Amino acid sequence: MGTPCRSGFCFLILVLVCICLCGHSVSAENRRPKNVQVALRAKWSGTPLILEAGELLSKEWKDHFWDFIESWHQSMNEDSDSNSNTAKDCLRKIANYGKSLLSETLASVFEFSLTLRSASPRLVLYRQLAEESLSSFPLADDISSNPVDGGIPEPNETTNVKKSELFLLGMNPRSPGKRCCWIDTGGSLFFDVAELLLWLQSPNVAAEDTFQQPEIFEFDHVHPGSTAGSPIAILYGALGTECFKEFHLTLVEAAKKGKVKYVVRPVLPSGCESKSGPCGAIGAEEPLNLGGYGVELALKNMEYKAMDDTTIKKGVTLEDPHTEDLSQEVRGFIFSKILERKPELTSEIMAFRDYLLSSTVSDTLDVWELKDLGHQTAQRIVHASDPLQSMQEINQNFPSVVSSLSRMKLNDSIKDEIIANQRMIPAGKSLMALNGALINIEDIDLYLLVDMVHQELSLADQYSKLKIPLSTVKKLLSVVPPSESFTFRVDFRSPHVYYINNLEEDSMYKSWRSNINELLMPVFPGQLRYIRKNIFHAVYVLDPASLCGMETIDMIISLFENNLPLRFGVIMYSAKLIEKIEANDGELPLAQLEDDSGEDISSLIIRLFIYIKEHHGTLMAFQFLSNVNKLRLDSSAEDIPERYHVEGAFVETILPNAKSPPQETLLKLEKEQALNELSQESSMFVFKLGLAKLQCCLLMNGLVHESSEEALMNAMNDELPRIQEQVYFGHINSHTDILDKFLLESGIQRYNPKIIADGKVKPKFVSLCASILGKESVLYDISYLHSPETMDDLKPVTHLLAIGITSKKGMKLLREGIHYLIDGSKSARIGVLFTANEDTNLPSLYFVKVFEITASSYSHKKGVLRFLDQFCSFYEREYMLASGVTASTQGLIDKVFELADANGLPSKGYESVLSGFSTDKLKIHLNKVTQFLSRQLGLEYGVNAVITNGRVIQLLDGNTFLSHDLHLLESLELKQRIKHLVDIIEDVKWEDIDPDMLTSKFISDIVMAISSSMGLRDRSSESARFEILSAEYSAVVLQNDHSSIHIDAVIDPLSPSGQKLSSLLRILSKYVQPSMRTCTQSNEFSG
């Protein structure tokens, strides 16, 4: 890197000594005259390596953070007399303790990440939170005026320090007094363990602080023994200080007793470096120089040449071909001869000559020597003992090696292979893929790449612990998920859809052609195809009394009258009735409807619409809807229509054809129960479809869109290519019912925006791998429920229902889950995780116990689901709001025996288990479940949720979750995330596993673990088929059969991307030892 440059070449240096998205202060120190050394310093001061190690371990697994703390405290006691406290010894010690918690491959990445200081920004975040904690209490500001062992400067000193550190961010907080640790409870700060103990022993004080508890973030370190819902205590301090150890031991004990939710935010306050132990301040006292970014130095030859200007005449330039000697050779070209042959290109030829004279190409090389330079470079790299090092040296020191490269004898096999590969990948194009997923070369840097590799290695480590063979692990990591473009169509077919037209039967369309192949005929852009077939079904879901609904009705009638080739229809509902249905947990509130029916304008419009349609035809019924809006506008009403608007529109619509006074008809219809029931059923149908939340929407052949006219035309244009493709391949002909075909193929019974995110909101995923592996986990021995006669089948989809036993919403969700299994599902199972508080009554605890007995012992019985449904219904009706008394508990037990006998379950089995039932043991289990949901899934206490193969959907107030939602969730997750993984798992040849363990439950658990961890994977969905490229002569192939990481790359070594990738690949090769296949490219100088 320190060699001189020839004139006119670009000198490029990639130095792995700089990091950080925001760096500053480029410094150069030349130990040797012709060397360039570059360092980029971060905008914040150094952070302790020991704290960075804890953050890196926590990134791998949350419990590793706490294991590291315990190991370090134990080492402090054992090595108190050790004298090996140099920075190098400390770094080795920290790395060894961290690596002891990880597998071999992860340990290597951990050590490299520690060297890169990649966790330093996280510690800066904790510094900022610590500063906010101290600034929230004026008392702390008063105490901070006292110096901490020279760490807090005097006013004059502060001024000087600020001048030199104005550019720094995330400065260390200055702790009040001489304290290096403190506890923040939201309402108080404690700097002494004695103060903390007094607070812990005063439950009244703790209760007062609950309303102002500090906010907890996902990146916070919460002790695994903490209880959800307990008062929060945040410890700010650094591992290695004595105060941290004292506070830590006290809070661990308090957390285990359920007194606090213990959180650690690692911070080493300014001035406390001397109190952090021999290794606690390593890394914090030096400027932060990190590696990962490069510097490009473009050096230009600025030498002046002496020229004889005596022949230059006034007004004539050197560029004039008539005055300059063009017979002189310039880089292999004699321009006098070229000008004789092409005199009409004089200006272009002279511009090319000027470029050659001033270009950066070496004066020692002729133009023909550059012809195969790219191929010669590839040959030098491929034949080197260390190809990646050779690539890096060439592209970073190109001017010094270009002469030797140009004189190398070229192997024609290399050139031919590169040219052959360039037929598939353009010359100069660089690509890189990690386990099959393409990486954006422009955006990639060392930190992103290390994170991606760490994620892949972490997944491989988890899968190996599941006893999955390495060959299968490689397949799982390299498999390409299916495209997310799968379309779900809402199956809206029902009697509640009212069409205004039918293109196949109505007489107004008889003049149109009926051959559907007309769709394939070319037309002008935007031109509609008028075919007498119901190709496009535009069905609007609306509330006829809403502004949106009335405007949509007018639009439908206008488009219908203009003969658009669409079949228009509506599904109407009452927004008020939908609200009552939701408030009644998805059931019609019949008692309320009798009193409120006269006040619901929407229901009234629907009833009158149905009457007019049945007695006067569909067109008149739609005209009635339009008349409602017309009368509203005529009366200058800006809000929803009043009752007199609706009645007036009814009279105006049917009066020309009425056989009796319309007013009498209105009076009769008020008592017409059949129309009232049809109106309610229509609203209930929309509620079950899940479309009421959208207010007004369009279903274009079942696809959900907005209700505007522009959205209609866009939806039609989007649907047309899909239909054309089906027509072209013969899947649709003139006799095909297109709507039925589409809805049978991809129809869903309910639309739920929380499930079908459409890319707008990224779903939340959690990994369940560690929970399945841990024998102490609640998922290790959970019992699942299955649809009848499917218990022994593989269940790739697992729904975990988090149910609050005292929550009416939770009980509703549980019953919907049971109905989902009763309806039948061959691909899914359900597990139930009950949560309860300390005040849960005895009947509720007995309910949980009965449910667990049933799921664990009798899930194979035919009547088990019917029993559970009846039992849940009885409990909800009789005990949800009842207090726990002996009589009511005995009544619950008697009902269990009765229902068990009625459904073919052994009542004596329940009797034997319930007779020795211990509530204390069950409460411990329920508390364990609550901690699992809080720590592993991030669910707040008491929140009902559905966890499907790691995807978490919280059911907050106002959200209804039906059995159809579970079917939708099953279909979506199976097609997009799970099916391609199941195909791989089913072909596994299991080794080192007892054949008796290879049950359907074991395989289903494996699928759940893998798919949940894959959900967290952040990688590109784009891939490339690198295997079609030849790699016999011109590729660098590094084979490692024991590595789960495989890298494919296509690199032009002499390009800017080649300079970037060569260093990155070399680092990966050193620390990760991946399997690698790198094909070289060439962008020829002669081209």
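Alanine 802 sits opposite alanine 945 of strand 25. Strands here are DSSP runs of E, at least two residues, and helices are runs of H or I, at least four, both numbered from the N terminus. This is a predicted model, where local features need pLDDT of at least 70, side-chain atom pairs count only at pLDDT 80 or more, and totals for chains, interfaces and linings use all residues. Residues are numbered from 1 along each chain as its sequence is written, and side-chain values use heavy atoms, with hydrogens and water left out.

Now the sheet. Strand 23, residues 797–804, and strand 25, residues 944–948, run antiparallel, joined by four bridges. Pairing takes at least two DSSP bridges between two strands. The open sheet has six strands, ordered 21-26-25-23-24-22, with mixed pairing. Strand 21 (764–765) and strand 22 (784–785) are the edges; each has a single partner strand, so one side of each lacks a neighbour in the sheet.

Next, what lies across it. Helix 37, residues 1000–1015, lies across strands 21, 22, 23 and 24, at about 75° to strand 24. Angles run from 0 to 180 degrees between N-to-C directions; axes are lines fitted to C-alpha atoms, for helices over the stretch in contact.

Last, a helix pair. Helix 22 (601–616) packs on helix 24 (643–654) at about 5°, axes 10 Å apart. That makes the two roughly parallel, a label for angles under 35 degrees. Contact means heavy atoms within 4.5 Å. Among the contact residues are Leu608 and Tyr611 of helix 22 and Phe650 of helix 24.

Definitions and conventions: Angles under 35 degrees count as roughly parallel, over 145 as roughly antiparallel, 65 to 115 as roughly perpendicular and the rest as oblique.
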